[in-house]
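Try each one yourself before reading the solution.

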Amino acid sequence: MILARKYSLPLWLFLVCLFTILSISCAEKEFYEFSGKTMGTDYTIKYSAKLPNQSNNKDKVDQLLEDINNQMSTYISDSEISRFNTFNDTTWFAISDEFAYVVTSSFKYYEISNGLYDITVMPLVNLWGFGPEIFLDIPSKTQIDSVLQFVSQDLIEIDGNKIKKKDPRVQIDLSSIAKGYAVDQIIEILDYKNIMVEIGGEVRTISNGKIWQIGVSTPSISNFNNDVEYIVPITNHSLATSGNYRNFYVDDDKTFYHHEINPLSGYPIQSSLGSISILTNTSCMEADGLSTALYMMDTKEVKNFLDKSNFEGLMIVQNEDGSFEKIFSNNFPKN
């Protein structure tokens, strides 16, 4: 049996320089900050207000995040998504408005990526040891081919507040989009004119003139010093990053496996693309979904997509000598 060592770098490495920078660019008496735990990571909120109402704001945010987790967390056995995943039937399954909205939205990124972004990848994620199930060994081709039979977003249907599987073995995973959705909901309920909300590296800011400086981490598995590759100045934007350096393991043969699984081949993505950061002037859920979808694609395809879209992106590519090269879309913010 191959013994694998699994690593899971803190997702907040994406924002490694955020707090020191904010203390300079936004150091005013009316700015307040609070943080907490959610979705297996940390959240941080910083905002400007005459009356901070810190305690009430944190209570509202924590309750909202608890509700979203109870809908979309595969790590909670009786969550809405867990109950659907264990629902061994092909009849309609009733779901909440929020759950329906996120699932419906995911089809956009499925189509953009020609199936490389796929929320039904959950069985493959578990098979490769990146889900809540116990991981024992590198899967065989036979095991992968068997699971691929019920991995495809075409195998689920959604109609209003109900969803169904075309194969009862289908399971879904919304981790590629749920954090971004949660960021958007926090922005909405707090409703401040100057606010930064971050969950596990997914960020959205609202500004009436403030420039929020967000640090993008160097996408190296050995980046234990929290080195920053680029600082992105943003105002009314969302920024999300996907990469191969946050959650991975290395087997006894020194083979590197990371958590981004290709749902068409059944194997982890093999790419020189260390990370991709997507900037939008829309929702954080959009940036979150796009960063995952585009990370699964070829670098040239990503550049072509960004050139034809209203979105901006930063790709950080690792060269053969271990150095990193930054590839910017045409109007990505310069620092």
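**Exercise 1.** Is Asp67 buried, partly exposed or exposed?

*Solution.* Keep in mind that this is a predicted model. Start by locating the residue: Asp67 is found in helix α2. Next, take its relative accessible area, which is 36%. Buried means under 20% and exposed means over 50%, with partly exposed in between. So Asp67 is partly exposed.

**Exercise 2.** Which residues form a negative surface patch, and which elements give two or more residues to the negative patch?

*Solution.* Glu66, Asp67, Asp97 and Glu98 form a negative surface patch. Now look at the elements: α2 (54-72) and α4 (97-112) each give two or more residues to that patch.

**Exercise 3.** How many aromatic pairs does a search of the whole structure find, and what is the geometry of the pair Tyr32 and Tyr47?

*Solution.* The search of the whole structure turns up 15 aromatic pairs. In the pair of Tyr32 and Tyr47, the rings sit 6.1 Å centre to centre, with 40 degrees between the planes, and the pair is tilted. Then place the partners: Tyr32 lies in strand β2 (residues 31-38) and Tyr47 in strand β3 (residues 41-48), so their pair ties together parts that are 15 residues apart in sequence.

**Exercise 4.** Are Tyr32 and Tyr47 buried or partly exposed?

*Solution.* Tyr32 has a relative accessible area of 24% and is partly exposed. Tyr47 has 0% and is buried. To finish, widen the view: ring pairs link Tyr32 and Tyr47 with Phe34, Tyr43 and Tyr192 into a cluster.

Conventions. Residues are numbered from 1 along each chain as its sequence is written. This is a predicted model: local features need pLDDT of at least 70, side-chain atom pairs count only at pLDDT 80 or more; totals for chains, interfaces and linings use all residues. Side-chain values use heavy atoms; hydrogens and water are left out. Patches are made of residues with over 30% relative accessible area and no salt bridge: like charges are joined within 9 Å, nonpolar side chains (Val, Leu, Ile, Met, Phe, Trp, Tyr) within 5 Å. Accessible areas come from the Shrake-Rupley method with a 1.4 Å probe; for residues, only the protein chains shown count as cover. A salt bridge is a side-chain nitrogen of Lys or Arg within 4 Å of a carboxyl oxygen of Asp or Glu. Lys and Arg count as positive and Asp and Glu as negative; His and the chain ends are not counted. The place of a charge is taken as NZ of Lys, CZ of Arg, CG of Asp or CD of Glu. Helices (H or I, at least four residues) and strands (E, at least two) are DSSP runs, numbered from the N terminus. Buried means under 20% relative accessible area, exposed over 50%, partly exposed in between (1.4 Å probe, protein chains only). Rings of Phe, Tyr and Trp (its six-membered ring) pair if their centres lie within 6.5 Å; planes under 30 degrees apart count as stacked, over 60 as edge-to-face and the rest as tilted.
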